[in-house]
Amino acid sequence: MSNGSVISEEMRSLIGMETGQMVHEVDKTMLRQVAEAVDDPDPRWHEEAPPGFLMTLAVSGVGAPPAQLFPLTRVVDGGGDWEFYLPVKMGDVITCTTRLAELYEREGKAGKLLFIVTEATVVNQHGQPVAKGRATVINY
Amino acid sequence: MAEQVFYEDVEEGLSIPDLIKNPSKRQLVKWAAASGDFNELHYDKDLATSLGFPDVILHGRLKAAFLGQLITDWIGDRGNLRKLSCSYRRNDLPGQELTCRGRVTRKYVQNAEHIVECEIWTENPQGEQTTPGTAIVVLPSRG
């Protein structure tokens, strides 16, 4: 096991696969919750989603591949990369689709680190892409 | 809110006005609810200390959202945030001041759009960059 990979064939076969899809109806309450959580008082966010809204998407397990396949149980967020194409406004219905983009491993101080990269595409009710996100989560 | 900033107003090396955040544990719980990120590391101190952390730590994505606010506060209603990237290099704790900072690294016109690139980061009270990243924005032009 010492130089064995933590990435099994089964895990590798998931790369590129869709891992989840979630529909969000963007309403006033949702926008207020995000703006309050960020503590951003700009009144613009009463009607429009702040950048942080995109950062709230694709968590809660939606973007994550099946946990039982992964041998390392501790999780830490590594970083993110977001592209904004169109504003998300109150009343929009957006669909966030995630897929497993990449898996790679590194040797850490206390053992293997597994990097799980998920990609999320966000489309509005008109079928227009509004945003894209890429997030790296590290298992150890 | 500050006055609208225009493409002509910025040059390489210009500092973006600081955004100072004072995240509390309550704010972490609000973010957990808003984002659905219920990892206990962000609200259960017993768990956090058992994993070797001094206290619960800020969500990385909350810090990304702070950096988003840094940019939207600066570029105003007529500016557009196009891209934001950051990595969560160091942990930050609630109850400690977190300063969001940025600096213009490049400006250019492409496809008739006035584009400005910035480096951005969060800074802890020790002056360490905890969440370095980059942002690309489009600003209105006076031309």
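Student: How many bridges pair strand 2 of chain A with strand 2 of chain B, and in which sense?

Tutor: Two strands are taken to pair if DSSP finds at least two bridges between them. Helices (H or I, at least four residues) and strands (E, at least two) are DSSP runs, numbered from the N terminus. In this predicted model, strand 2 of chain A and strand 2 (residues 80-87) of chain B pair in the antiparallel sense over five bridges. A:Trp82 stands opposite B:Leu84, and the bridge partner of A:Gly80 is B:Cys86.

Student: Which conventions apply to the numbering and to the values?

Tutor: Residues are numbered from 1 along each chain as its sequence is written, while chains are lettered from A and ligands numbered from 1 in the order in which they are written. Because the model is predicted, local features need pLDDT of at least 70 and side-chain atom pairs count only at pLDDT 80 or more, whereas totals for chains, interfaces and linings use all residues; side-chain values use heavy atoms, with hydrogens and water left out.

Student: Which strand of chain A pairs with strand 2 of chain A?

Tutor: Strand 5 (residues 129-139) of chain A pairs with strand 2 of chain A, antiparallel, over nine bridges. Within this pairing, A:Phe84 stands opposite A:Ala131.

Student: How is the size of an interface expressed, and what area do chain A and chain B bury between them?

Tutor: The size of an interface is often given as the accessible area lost when the parts come together. Buried area is the accessible area (1.4 Å probe) that two parts lose on being put together, summed over both. Here chain A and chain B bury about 2,700 Å² between them, with 54% of it on carbon and sulfur atoms. In terms of contact (heavy atoms within 4.5 Å), 30 residues come from chain A and 31 residues from chain B.

Student: How many residue pairs are in polar contact between chain A and chain B?

Tutor: A polar contact is a pair of N or O atoms within 3.5 Å; within protein, one must be able to donate a hydrogen and the other to accept it, and residues adjacent in sequence count only if both atoms are side-chain atoms. Between chain A and chain B there are 13 residue pairs in polar contact, both residues being at pLDDT 80 or more. On the side of chain A that touches chain B, helix 2 (28-38), helix 3 (51-56) and strand 2 (75-84) of chain A each supply at least two residues. Strand 2 of chain A gives the largest share of that side, nine residues. The residues of that side divide into 14 nonpolar, seven polar and nine charged; in this scheme Ala, Val, Leu, Ile, Met, Phe, Trp, Tyr, Cys and Pro count as nonpolar, Asp, Glu, Lys and Arg as charged, and the others, Gly among them, as polar.

Student: How many salt bridges are there between chain A and chain B?

Tutor: Side chains of opposite charge can pair when their charged atoms come close. The rule for a salt bridge is a side-chain nitrogen of Lys or Arg within 4 Å of a carboxyl oxygen of Asp or Glu. Three salt bridges are counted between chain A and chain B, and A:Asp77 meets B:Arg61 in a salt bridge with an N to O distance of 3.3 Å. Over all chains the count comes to 20 salt bridges. One of them joins the side chains of A:Glu102 and A:Arg134 (2.8 Å, N to O). This pair links distant parts of the chain, with A:Glu102 in strand 3 and A:Arg134 in strand 5 of chain A, 32 residues apart.

Student: Why is the aromatic pair of A:Tyr104 and A:Phe115 described as stacked?

Tutor: Rings of Phe, Tyr and Trp (its six-membered ring) pair if their centres lie within 6.5 Å; planes under 30 degrees apart count as stacked, over 60 as edge-to-face and the rest as tilted. The structure holds one aromatic pair over all chains. The ring centres of A:Tyr104 and A:Phe115 are 4.7 Å apart and their planes are at 5°, so the pair is stacked. A:Tyr104 belongs to strand 3 (residues 93-108) and A:Phe115 to strand 4 (residues 111-123) of chain A, 11 residues apart.
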